[in-house]
Amino acid sequence: PSPFAAYKPADTVACYLEIYEPQADNDKLKLGVTLVVRDKDGAEKLNSGMVEVTNYVRKGNPTTPIAVRVPIDKLTPGTYRLEMTAYDNLGQKAGRTANLTIE
């Protein structure tokens, strides 16, 4: 987590996460992430849709590092909640949230 979560619309912001995938050696594994940005009232402002990240999986490595650009230039000043969710085709999913402010 960043110690400073307030950004200007011209800033470049990325969300870094590591996905723990115990079956990374499964050749049939498909892995994807979604990024949803909600305003302070919970209204959805951005939704990346499912982005496949299977190509980031490294056999023998129990974690999969992912960085996703957050398009804050499309947001107006205010407070937002980022919701990152990882999915696989084996029926597993995990999610995390973080707050940020656009000045």
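Trainee: Among contacts in the chain between residues at least 6 apart in sequence, what percentage join residues at least 24 apart?
Mentor: Good place to start! This is a predicted model, where local features need pLDDT of at least 70, side-chain atom pairs count only at pLDDT 80 or more, and totals for chains, interfaces and linings use all residues. Residues are numbered from 1 along each chain as its sequence is written, and side-chain values use heavy atoms, leaving out hydrogens and water. A contact means heavy atoms within 4.5 Å. Among contacts between residues at least 6 apart, the share that joins residues at least 24 apart is 63%.

Trainee: Which pattern does the chain follow along the sequence?
Mentor: Helices (H or I, at least four residues) and strands (E, at least two) are DSSP runs, numbered from the N terminus. The chain has zero helices and eight strands. Read along the sequence, the pattern is β-β-β-β-β-β-β-β.

Trainee: Is Leu 31 buried or exposed?
Mentor: Leu 31 lies in strand S3, which covers residues 31-39. Buried means under 20% relative accessible area, exposed over 50%, and partly exposed in between, with a 1.4 Å probe and protein chains only. Leu 31 has 3% relative accessibility, so this residue counts as buried.

Trainee: How far apart are the C-alpha atoms of Leu 31 and Pro 62?
Mentor: Along the chain, these two residues are 31 residues apart.

Trainee: What percentage of the residues of the chain count as buried?
Mentor: The C-alpha atoms fill a box of roughly 45 × 25 × 20 Å, taken along the principal axes. The chain has 103 residues, and the buried share is 36%.
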